[in-house]
Amino acid sequence: MKPLSFFGLKVLPNSTFKSLHAKMQALEREAEETLNYLGIIAENKSHVVPASTTESSEVVKRLSSFQEAMAKLIHETEQNRWHDAGISKFNELLNHHFSNPRVLFDQVVLLISQYVKANQVALFVAENVTDSNSRIVLEACYAYERKKYLEKVFNRDENLVGQAMLERSTILLTNVPQFYTKITSGLGEATPACILIVPLKDEAKCVGAIELAAFRKFNAREIRFMEQLAVSLAAAIQNIKQTETMRELIAMGEMAQHAMKEKDEEIRQQMEELQATNEQMNRKAHELEQMRAALERKNGEIEQIRAQEKQLLESKLETQKNSYELIINRLKYKLQENKPS
């Protein structure tokens, strides 16, 4: 039906007017709902679409979807911020106390207890990371913000910690046996509601494990955080082990060098003593040679004296012989003279 025209003005039919009026009312309601929802968003009361919102309020639905997406993004951002801030704290700690493993392990379990809100934290390290059968040592433990001085050593196949290290996988235990562990406080002892064991591993080795106990269940965010922290801690322990090995090798090298110096000094002293002995023997040999030469000279002189004495004795004997012969001849002559004729 065509609209009528009076004095240049168009007059709409009643049905068309009612239709336009209904649309205007719907737009007014949608605008009012949108303003109300924006007010709810501004007050940060809720991101849920109000119950009075009609199905045709697309603006409100889109705003609701946007707010839900924003809330999810804010939640994820907050989770990431918490995660990244924690990793940054632990990396700073690992770098700061790297040279002192005992202090490092104590500070790590304390910070884990505070950051993850765990009632008890224990750090286990394998004695020899290259040996799958090596023993596991409890290096540090913290419970209820008080350090527990415990001595605990066991093999990898003895409990859940060893199992987590052998399987290189995280263990989440929500039905904790009463005999497994106790959390001690000023009020006594109680069995935890949840146990989380995260192996400290890299691509090739598993160097230890972290065991957390709490009276609540650890959520997925905390588990992911602990698994990433375990990678950094495993690398730190590997570096500590390598540094200790290098220090031991350096110490062994220094000891060997010191022993070699002592041996060299001993050999030098022996050489000096040998040289002194040789010089002494040479002096004695020279003295003996001089004595032999002197003895030979003395023997020559003795031989010469003997020869002279022999010659003198022979001369004396010859003289005596001649004297005896002269005396005998004289006696013979006298005897002949005195002989009667």
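This report describes a strand, a helix and the nonpolar cores in a predicted model.

## Strand S11 and its partners

Strand S11 covers residues 206-214, and nine of its nine residues are buried, so the strand is largely enclosed by the rest of the structure. Strand S10 (residues 194-201) runs antiparallel to S11 and is joined to it by eight bridges. A hairpin of four residues links S10 to S11.

Strand S3 (residues 120-126) is also antiparallel to S11, with six bridges between them. Glycine 208 in S11 stands opposite leucine 200 and opposite valine 125.

## Helix H5

Helix H5 takes in the 119 residues 220-338. At 1.5 Å a residue it should span 177 Å, and its end C-alpha atoms lie 169 Å apart, which agrees. At the start of H5, a side-chain oxygen of asparagine 219 comes to within 3.2 Å of the backbone nitrogen of arginine 221.

Buried residues of H5 include Ile223, Phe225, Met226, Leu229, Leu233 and Ile237. Leaving aside neighbours within four places in sequence, phenylalanine 225 is in contact with Trp82, His83, Gly86, Ile87, Phe90, Tyr115 and Val116.

## Nonpolar cores

The largest nonpolar core has 39 residues; Ile112, Leu200, Ile210, Leu212, Phe218, Phe225 and Met226 touch the most other members. At least two residues each come from helix H2 (58-96), helix H3 (101-115), S3, strand S4 (136-143), S10, S11 and H5. H5 gives the most to this core, with ten residues.

Another core, of 17 residues, lies apart from the largest one, and among its members are Leu138, Val161, Ile195 and Ala209.

Terms used:
Residues are numbered from 1 along each chain as its sequence is written. This is a predicted model: local features need pLDDT of at least 70, side-chain atom pairs count only at pLDDT 80 or more; totals for chains, interfaces and linings use all residues. Side-chain values use heavy atoms; hydrogens and water are left out. Buried means under 20% relative accessible area, exposed over 50%, partly exposed in between (1.4 Å probe, protein chains only). Two strands pair if DSSP finds at least two bridges between them. The expected span of a helix is 1.5 Å times one less than its number of residues. A polar contact is a pair of N or O atoms within 3.5 Å; within protein, one must be able to donate a hydrogen and the other to accept it, and residues adjacent in sequence count only if both atoms are side-chain atoms. A nonpolar core is a set of buried Ala, Val, Leu, Ile, Met, Phe, Trp, Tyr and Cys residues joined through side-chain atoms within 4.5 Å. Contact means heavy atoms within 4.5 Å.
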